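Subject: Structure handover

Hello,

Here is the structure I promised to pass on. Please have a look, then read my notes below.

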Amino acid sequence: MSDLTALRVFAALRESPGTIAELTRATGLSRPSTTNALARLGELGWVVAGDSVPDGQNGRPAQRFRYCAEAGALVGIDIGVHRIAGLLTDLAGHRLAHEQVRVEHDSPPSRRLAAMDAMLGSLLQADSVAPGDVWSVAAGVTGPVDERGRTLLSTPLPDWHEVDLVAHLSALFDAPVQVENDVKLALHSEHEWGAARDMRDVVYVLAGVRTGAAVMVDGRVVKGHGGAAGEIGALPAVRWKTAPDNLRETPGLPAELSENGYMAWTAERARMGDETARTLMRRYAQDVATGAAALVLTMDPEAVVVGGGMVAAESLWVPEFSAALSKSVLRMPKVLVSTLGSDHVARGAIRLAMQEVAGRYFGTRLLPVRRSTGSSAVQ
């Protein structure tokens, strides 16, 4: 039994559980080849027999097989200015646990890393997973990330350029570690589970306290030579750095609001009919559209996906964003709004971890399922 045949059956199983007959139809293989492939996959630990399926003719029920995704776990981390979130999943990306912790925006690296470590300990304990059961770890951080996982060009995280996050996480987990820009991970998430699913050319715009972007060309998220692809907000002419400040100008804005609370407050005032707030929301939309138009003209995407904290107020600004965008581009793409919620970056990190596992264990040849190392570095 060749690995290529087994991989063909395995690819079908990762899409959906199936009986031998269903897998034979899905793969185009003969029944004996499918049966032998399942035996091989079972020996390696990748496939288990699930429930029997009645054939509707009072015959012997057919056995349904499935991907043994519970063989290992994945960890995705979102390290932001105000919070650190973690997501624990099985190998197929099914959620097992989610944790998050608030951090002060001016926290030094030592305090931010300590908060992350404590969050990770709680995350694993929530589903009784040992660090040795984690097969791959990926993390998202704010700012351009180079090939070593370092953030050296710019980031709002204080002194984060000093941090070697790959080395830090490698000391906690006996597993490969990847670090990527948070907006690029959000696009990975949209492509796998969200609005950009099955699309090949996409511009993703993060709209919130910070405005950022990532681009996908022919199904691949573009990193650039130094990890800074999509960082168009660095150009003052696109007005992305100042766009959120528009929403601070609402008369009566409470001084005690948190750094991101003013956006929700202004949106609520606009929702209530406050004309000044509505004008500010339109100005915000036009500013975000300026940078988006530059990316659309450069990339000619199928769609622009809008995500981030301002999605909660989409009805108040996305129509104006679309109208402003349409006036500046040669071909208007679809404008789609993310429905993934606040864990979109952590989910994108999980997608990166899933790709790493697939490439290592069943890229061109099959390796047996990894067994737990029993290590316990995360406390």
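Which residues does S107 touch, not counting residues up to four places away in sequence? They are R112 and P158, where contact means heavy atoms within 4.5 Å.

Some ground rules. This is a predicted model, in which local features need pLDDT of at least 70, side-chain atom pairs count only at pLDDT 80 or more, and totals for chains, interfaces and linings use all residues. Residues are numbered from 1 along each chain as its sequence is written, and side-chain values use heavy atoms, with hydrogens and water left out.

**S107.** The loop between β6 (95-102) and α4 (109-126) holds S107. Helices (H or I, at least four residues) and strands (E, at least two) are DSSP runs, numbered from the N terminus. S107 is buried, at 2% relative accessible area. Buried means under 20%, exposed over 50%, partly exposed in between (1.4 Å probe, protein chains only).

**The sheet.** Five strands form an open sheet in the order β11-β10-β9-β12-β13, with mixed pairing. Two strands pair if DSSP finds at least two bridges between them. β11 (220-221) and β13 (334-337) stand at the edges with a single partner strand each, so one side of each has no neighbour in the sheet. β9 (residues 202-207) and β10 (residues 211-217) are antiparallel, paired over six bridges. Y204 stands opposite A214 in β10.

**E314.** Helix α9 (residues 314-326) contains E314. E314 is partly exposed, with a relative accessible area of 35%. Its contacts are P319 and V337, leaving out residues up to four places away in sequence. From A39, E314 is 275 residues away in sequence and 51 Å away in space, C-alpha to C-alpha.

Best wishes
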